[in-house]
Amino acid sequence: MKRFSLTRSVMLLRPLRPLPAWWLITRRELRDTLTDWRLLIPLGLLALALPFLVSAAALALIRFTEQLELAVQIIPFAILLVGFLPAGFSLILALESFAGERERNTLETLLAMPLGDRELYLAKLIAALALPLIGALLSQVVFGTMMLLFAPDVALVAFHPLRLLLLLVLVLTMAMVMVSGAVIISSHVTTVRAASLLSSLILVPLALLVQVIAFLIVGNRWDGVVGIWLGLSGLVGVLIHAGMRAFSREELLAREQIRRPWFRWRYRQARRQITHFSGHPVWIVARREMIEITRDWRSLTLLGFLAVLMPVGLNAAITAILPQLDDPLALAPLVPFVGVLAGFVPMSFALVAALESFVGERERNTLEALCALPISDRQLFLGKLVGTLLIPLITALITQHLFYALVALNVPTLYADGMSPALLGLMSLLTIAVAVGLVSGAVSFSIHAGSVREASMMASAVLLPTTALLQAQAPYFIARRFDVVWLAILAIAVVALAFLRSGMQTFQRAAIFSRNRETMSLRRIWVTFRRFFSEYQPAGTPLYAYRGLPFSPWRFYRYEFPALLHELRLPLAVSVLAAVSGTVFGLTLSQTLVLPPVERALTMLAYGPAPSLLLAGFVFANNLRVSILSNLLAPFSLGVFPFLVPAVVFAQIGYVSGRILAQSGATILDPLQFMIAYLLPHGVIELPTFLLSAALGLRMGAALLSTPGDFTVGENLLWAVAQTVRVWLLIIAPLVLVAALIEGLITPLVIMWVY
């Protein structure tokens, strides 16, 4: 007979110990982030896609330069870079830790939690720090794995265990500096806009510090890197201690929104103007927005600080570098480019005002008053765009031309050799194009965002490609190839027009009122995706019009794929245009650029690879990797990466054919022999497959710019993804496999027969 134990019964009936209050706050913040697809996608993109791209660039550097010592020096810096960028987005989560709660009217509920001020502060700090740190570490691990798999000889030399550990800890420390500083800022301001503006005082110095670390790593000065890490570690302790001591919930609740103008008479004049709006409706909204910006002393102080600091600091750096150069005029080609970068820094903060142009109005409960104006939706959108663009653009132009003026005064010979009146106008035009592209993209994202935090994360799809495009222009400035700069201006203008068209088409004030904060419902996403995947209907067909047919490969091959090709006729034409442009570019480049690795390979054309299944497997894996990555990045690059795939592939073909033509003395037979042997057997299958994959990626990139029929932006993207997955599984993957088998087994035999 089982004995009854009173003690055991009491233990079983004892209630569970409640969770600490600080953990409840941290868990709430993490849950809100993990259930929001707008936050997860950019973090996932930076943590997974970014290391793939950086590793691909590093592998290309190793392959074409064959300078292993340079690669060994650059790879550690690449590890730091791929970790710093995801960690930098921790600012977005930390900046609205308290200011965002105030704008969402949830601050009183948060501060009512039964815990001390320090516990509340640390809970917010941990919640803002957790996910970015995970993303940074994951990005570094992915990059290291890619390098070990595809370049083990270089990676094993570059990945010194202690240095690798130092880089990992350095990224963690820099993230803690950013987050602790951002939480301090968020607890002392009243709006997310003000917090975002003041955050540049943290982000800009750390970005410059990363450049200093890059020089130390390349110069093999690891003792300096250790010293920087020790200094940052001490700064983390100071910031956390100062934040906990200065944080007080009573002061936080009592703090009112501070918007002090330059002078009191200016404030009275602005207030009188608000009640006497007149003129064109677009200008009415724009003037309202500019008055709001100029009434915030933080915005004006920071813009003025950057407008003076950037040109003065850059001019001082040039003055310090010149005596150390053998040829002082060697820096002259970089003067125009540095001026553009000087204007880009204050101009990038136009995103702060543009990102919260609509979603910020909703969080401040002023959207109803704005939308009550008797103007059209298009006029309201353009008014917001003009109002958020003018002041940062004017500041950027002033900063840019102030830098040029300081260079002309201090180093007139350098300015005379590097600048001209026509070039001065070209640089101003480039700055204007970049500003319009950034602001139009940010305003368009603000329409579809549910909060300022979400809009800030989505804006990375605009800021990162623009920054990369500007950095890529540096070699062309050095070579004085300003025709390429004109092409960059044209590309940015096209993207800006696409954003403008998307914003004016999708903006509806009624839809903004009815849009609630969307959470990630995996079940709803899966149901919608499965409906699009199982049955083809033209884009824009509402969900209730689908017949609910099961997935059928026979129906897809016979009816749906031809109909899909007809709908993809414009993306297919664009991909063909990319191929033609790439071929022409490669042929043109072959006349002026000589790459030693390519020249050595051309002397060995008669000795092709031996037929093997291993070669076929390598080709298959590489082609699938290119197709998958370009399409995954299509929505975030607006179709730029899918466009580049056929352009780069055909540019390589054109370049090699041009070099063979140059060596053969203008005889077409040698390039034709090369194409028959090396391209024709598998190229008749592989190249059209790449064009089809690029067209699908272009369609995915265009899904964010316009919505056909009754589709929302999310449904349009899901439709494009579903069609891409179907075509990829049933068409692209089998064709890539067949082409790889031909390239690995048959093409080597054709090479032996032709040569």
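Start by selecting helix 39 in this predicted model, since the largest share of a nonpolar patch, four residues, comes from that helix. The patch covers about 420 Å² of surface and is made by Leu-613, Leu-737, Leu-741, Leu-745 and Ile-746. Pick out Leu-745, which has its place in helix 39 and is partly exposed, with a relative accessible area of 32%.

Now display the whole of helix 39, residues 713-754, where 42 residues leave the end C-alpha atoms only 52 Å apart, short of the 62 Å that a straight helix would reach at 1.5 Å a residue. Centre the view on Trp-728 to find a kink of about 50° in this helix.

Next, select Arg-726 together with Glu-560, which form a salt bridge whose closest N and O atoms are 2.6 Å apart. Arg-726 lies in helix 39 and Glu-560 in helix 31, so the pair ties together parts that are 166 residues apart in sequence. Arg-726 is buried, with a relative accessible area of 1%, and Glu-560 is buried too, at 6%.

Finally, move to Arg-547 and Glu-535, whose side chains meet in a salt bridge at 3.4 Å, N to O. Both residues lie in the loop between helix 30 (522-534) and helix 31 (553-567), so the pair ties together parts that are twelve residues apart in sequence. Arg-547 is exposed, with a relative accessible area of 61%, whereas Glu-535 is buried, at 1%.

Technical notes: Residues are numbered from 1 along each chain as its sequence is written. This is a predicted model: local features need pLDDT of at least 70, side-chain atom pairs count only at pLDDT 80 or more; totals for chains, interfaces and linings use all residues. Side-chain values use heavy atoms; hydrogens and water are left out. Helices (H or I, at least four residues) and strands (E, at least two) are DSSP runs, numbered from the N terminus. The expected span of a helix is 1.5 Å times one less than its number of residues. The bend at a residue is the angle between axes fitted to the seven residues ending there and the seven starting there. Patches are made of residues with over 30% relative accessible area and no salt bridge: like charges are joined within 9 Å, nonpolar side chains (Val, Leu, Ile, Met, Phe, Trp, Tyr) within 5 Å. Accessible areas come from the Shrake-Rupley method with a 1.4 Å probe; for residues, only the protein chains shown count as cover. A salt bridge is a side-chain nitrogen of Lys or Arg within 4 Å of a carboxyl oxygen of Asp or Glu. Buried means under 20% relative accessible area, exposed over 50%, partly exposed in between (1.4 Å probe, protein chains only).
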